[in-house]
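Keep the sequence and the 3D view open while you read.

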Amino acid sequence: MASDLENSIRMAAETVAKYVADVASMSVETKYVQIGANGDVDFSQAKPVARTLIRLDGDSDEIIPLRQAENGRFEADADLMDIHRRNVQTTIDYRARLLDALLDVLRSRGL
Amino acid sequence: MTDEASLLKQTLTFNGINGATGGYLLDPLTPKEIAMIARGESFEKEHLRELRHRYLRAAQTHLGVKEGVDPKKIQETGWGVIFAFDDRERLPALKEALSELLNLRQEQAGDLYKEYIGVDAYRPEETKTAFLARHGMGPGPADPDKVPYYLMIVGDPETIPYRFQYQLDVQYAVGRIYFDSLEEYAQYARSVVEMERSQKRLPRQAVFFAVQNSDDPATQMSAKHLVQPLALEIAEDQKQNQWQVNSFLAEQATKATLGDLLGGEQTPALLFTASHGMGFPNGNELQLRHQGALLCQDWPGPVAWRQSISEDHYFSADDLSTDARLLGLIAFHFACYGAGTPRLDDFAHQAFREPVAIAPHAFIAPLTQKLLSHPKGGALAAIGHVERAWGYSFMWEKAGAQREVFRSSLKRLMEGHPVGSAVEYFNERYAELSTVLSSELEEIEFGKTPDELALAGMWTSNNDARSYVIVGDPAVRLPVSDEGHKNDGQQTDSAETERPTISTIVIHSEATVEAPLQPPPAQPDTSGEVISPAALDYGLTDSLRQARDRLTQSVSQFADKLGKTLEKAVDDAATLEVYTYVSDDMSQVSRDFASSAQLRAFTRIRVDGDTEVCIPERSREIDQQLWAIHLDMVQQAQTNRAEMIKAAASAATRLLEALKIV
Amino acid sequence: MTEERTARAIFELAGSAPAQPGSEVLGLWSAGKASPPGQTSFAAGGSAEPEIPVWRVNLPSDAEQAAQDLTLAENSLARAEKALDVAEGRISALVEKRTSPAVFGIPSQPEGLAPPEQELLAMLNQAQYGSLAPSFGLTDQFQEGWEQAVNQFQGFVDLVIQTLTHYAWVETRIAGRLSVRTAVSWNGDFETAWQDLIESEQMHLHTRTLKIALASRAITVRSFAVVAAAAGKLTALMSTPGGAILALPAAWKYINEIRAELEKYQQLTQEDRDGQ
């Protein structure tokens, strides 16, 4: 009984170790989709709002679709951008929390 | 195996037979097991302090009462009667019924006579210390100027607990009476007064009655190691005082003989019996009538008799003849419950920290009660056990010391001491053993290797010494003819040829003693059926084993599932998905959300942080409300995922640690 | 208005018998049977659905009352979580005290100990000296006591297994009418179905309900960790082989008693406050 459980913990820890190794970068992509008049939605027609790529060293790239306003200036949709930035922050926070939880498994192995 | 090792493993059988099953009240235990229980022993601090003080004092002083007071002289020792505050309504009737005795004692004790009634009475749940403190007395030897040395408790052991009696008895000479009717109180009082005032004397006869049931180590032990040597020693010792000592042992110790000794032709002045005491399951219909009855030689023994005990085998209160001539008798019974039964089992409490009810309420042994209150004149006192008798104490290497206590007490009694003074040796022995035992246990706690044989002997002896009580007035003494014995200054030299009696008392009074304690509805007596000796061995060992097996299986399955869950949780931590749907009619939403509701937003997050979020837009406007809902769900899902992985990892780790200890 | 008063929301855990019907989970959720097939509100066309554990909160229609009831539940859960910390600490202290050089084994008289500790030591004592119980005619009492403890622990283990391995629904009902349902997969993926055009107030209520249900699940799993750790520590007080296994139901009972103690204290404190 104890040895099987120990094996499982060991294998979980090995998986976590792989995750930890694979955090070189993360990307957050926000899309939007139109709700039709009948309330139907086609997710395959979702359009990107923005994409942010964050590297381990802290550098990040952000791709933001812009549209040309009547005055000729390019502008982003403020509401969507706001949502996107919140998504990015949420993802950063979540990843930290999840990794911490996964590291608990490693800690349980005395690592 | 060494001698000691084999001794530790020998099985010891104890006093007490279960009348309903025919089996022992206490299954045989090895000294090793007794030592284990002994290590669970506890002492109330203050009581222990007093015991130790008494023990240390014993070398230099006489017993019980303070220096300079002669315990044979009531005018020096004082005499008091303790009533319960809760009995105040019937107090006048009780006092009236006991008036002859109270008047006698008042004459004898003079200013040192005290009645503890009204505000001075025993208060509910009062400790000995509190009681004495209220009356200006602290721990230490009795000071009759403050509290008389001889104290008679009048009350049932639920109202004035046995514990109070034991503890008070350490330094005082305490007895108790409790009867069901005023007539019985009056008859007892008349019996005592008759023998003291009338100067009637009984022949100097003492009888030792020792049962030795077949295949029964307990009675073999008490007969061989206690009664036989004791009878010889007493006979030798009291030859000079013209005591005639007879013994009825083994085949002679029948119920018929005992009947003869308890009210029949051969009733002596002093009777010492050693036998099993009868016990019955809590609430059994015979318990309140027959518990403490004396099992005689008529019982064929545990091998030949494997069913409930027949009443033909034991002598109970029901067997006392209406013509019994008991006046002046003092009886000493070595038997379980011979003097009474507490409500809770003291020894199980020590072992298991569990108060176990063994009776619907505490009570005095009915045989003893009837001996004292017989309408033709009752016994003056009976000494016996409340709770179990621990016969193993006589087999202990220091058995000589234990038997010496009996010898000394009987000697004192036979030489004219009041019974309360005579049994001070038991109190001293109790104090000694408690002190030694508590010290031994303390040393064991600090690392000493326990001597289990000695521990078992000490513990059983201590328990045995503790639980003797006097039923009756502790100031009574053997009313025997004695040329050298002075009875309050008077001398007589003739013994009655025929045992005196008293006339039956009828009380014409509106006040009545309350009906005897009504026990709660009896617990279903499930042990009345015949149980084979093999079945008697069935018990918690099997039950605990079953519990452990069940738990082991359950935990094993859990560990297996937990392990797999943790592995999968970590694998699946790769991706977290959150979907938000809406529906016009929630009642139509089935288990498959996708087919019964409309998807409006989703978020997919990978462990590496890669995230896709799809938000709904209605008429080129973000559906803020829906988005807010979805965001909320995403945050909760993230928190939940992290928490569950942490919790699962922690559960797995800690379970593993616990399992490794198993 | 008093902060703590009798809740009117009903917290129900319906499902495939992780806990016995009639019992309570964490002192908050009443364990009951799942809705029978066909009667489940989500069963399209009345088709039979297998039993799914449903953490269901039925809130009153009065939004303010509903919010207050949820606050009571959150506080109760906080106490349940606190009870785990308190229990861990007290068990550590108990074991440390009893295994210090001055003391040996399970003490004869646990002077100065609170009732939960006394009962815990009594149970461990019973396990330790159990073979002697028949000698004192204690077989029935012991069997009953231990059976009950083992049964309750078994129910708890079943609930933990279910929490970890099974997905569940969390439902918010308002005056009996289903408002929102979230399906939580065993590994934490969410699917939530809302009444379209739901009021933001009701959304917020479900958010809180969901939090409470998820926290309950997490505390349940965490409780097991604490029980296992406690059992491991308590074996220091026992010489019985397999002590850790037997200590598990004793530790579980102890933790429940600590939680009850905290609840009682909270109630007394509230009564004092109300009386002022």
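Chain A holds 2 helices and 5 strands. Helices (H or I, at least four residues) and strands (E, at least two) are DSSP runs, numbered from the N terminus. Read from the N terminus, the elements of chain A follow the pattern α-β-β-β-β-β-α.

This is a predicted model, in which local features need pLDDT of at least 70 and side-chain atom pairs count only at pLDDT 80 or more, while totals for chains, interfaces and linings use all residues. Residues are numbered from 1 along each chain as its sequence is written, and chains are lettered from A and ligands numbered from 1 in the order in which they are written.

## Two chains in figures

Two terms come first. A residue is buried if 20 or more other C-beta atoms lie within 10 Å of its own, exposed if 12 or fewer, and partly exposed in between, with C-beta atoms placed from the backbone. Two residues are in contact if their C-beta atoms, placed from the backbone, lie within 7 Å.

| Chain | Residues | Buried |
|---|---|---|
| Chain A | 111 residues | 30% |
| Chain B | 662 residues | 56% |

Chain B contains 22 helices and 20 strands. Take the contacts in chain B with a separation of 6 or more: residues 24 or more positions apart account for 77% of them. In chain A, 54% of the contacts between residues at least 6 apart in sequence join residues at least 24 apart.

## Where chain A meets chain B

In this interface, 43 residues of chain A are in contact with 45 residues of chain B. On the side of chain A that touches chain B, α1 (2-21), β1 (25-34) and α2 (78-108) of chain A each supply at least two residues. The largest share of that side comes from α2(A), with 15 residues. By type, the residues of this side of chain A are 24 nonpolar, 10 polar and 9 charged. Here Ala, Val, Leu, Ile, Met, Phe, Trp, Tyr, Cys and Pro count as nonpolar, Asp, Glu, Lys and Arg as charged, and the others, Gly among them, as polar.

## Sheets of chain B

One open sheet has 10 strands, in the order β3-β2-β4-β5-β16-β15-β12-β8-β6-β7 (chain B), with mixed pairing. Two strands pair if DSSP finds at least two bridges between them. The edge strands are β3 (113-116) and β7 (244-249) of chain B, and each pairs on one side only. Neighbouring strands of this sheet are turned by 20° against each other on average, direction ignored. Helix α8 (residues 162-169) of chain B packs on the sheet. This helix α8 touches β4 (150-154), β5 (173-177) and β16 (468-472) of chain B, and its direction makes about 155° with that of β5(B).

Strand β9 (residues 276-279) of chain B and strand β10 (residues 294-295) of chain B pair in the antiparallel sense over 2 bridges. L294(B) in β10(B) is the bridge partner of G277(B).

## A helix pair in chain B

How do α6(B) and α9(B) lie against each other, at what angle? Helix α6 (residues 99-109) and helix α9 (residues 182-197) of chain B pack at about 40°, with their axes 7 Å apart. Therefore α6(B) is oblique to α9(B). The contact involves E100(B), L101(B) and L104(B) of α6(B), and residues of α9(B) including A189(B), V192(B) and V193(B).

## Cores and one buried residue

A nonpolar core is a set of buried Ala, Val, Leu, Ile, Met, Phe, Trp, Tyr and Cys residues joined through C-beta atoms within 7 Å. The largest has 158 residues, of which F209(B), I330(B), A379(B) and A381(B) touch the most other members. Helix α10 (residues 217-237) of chain B gives the most to this core, with 8 residues. Apart from it lies another core of 140 residues, among them V180(C) and L214(C).

I219(C) sits in helix α4 (residues 200-234) of chain C. I219(C) is buried because 22 other C-beta atoms lie within 10 Å. I219(C) and L77(C) are 142 residues apart in sequence but 8.4 Å apart in space, C-alpha to C-alpha.

Key: Axes fitted to C-alpha atoms, helices over the stretch in contact; angles between N-to-C directions. Parallel < 35°, antiparallel > 145°, perpendicular 65-115°, else oblique.
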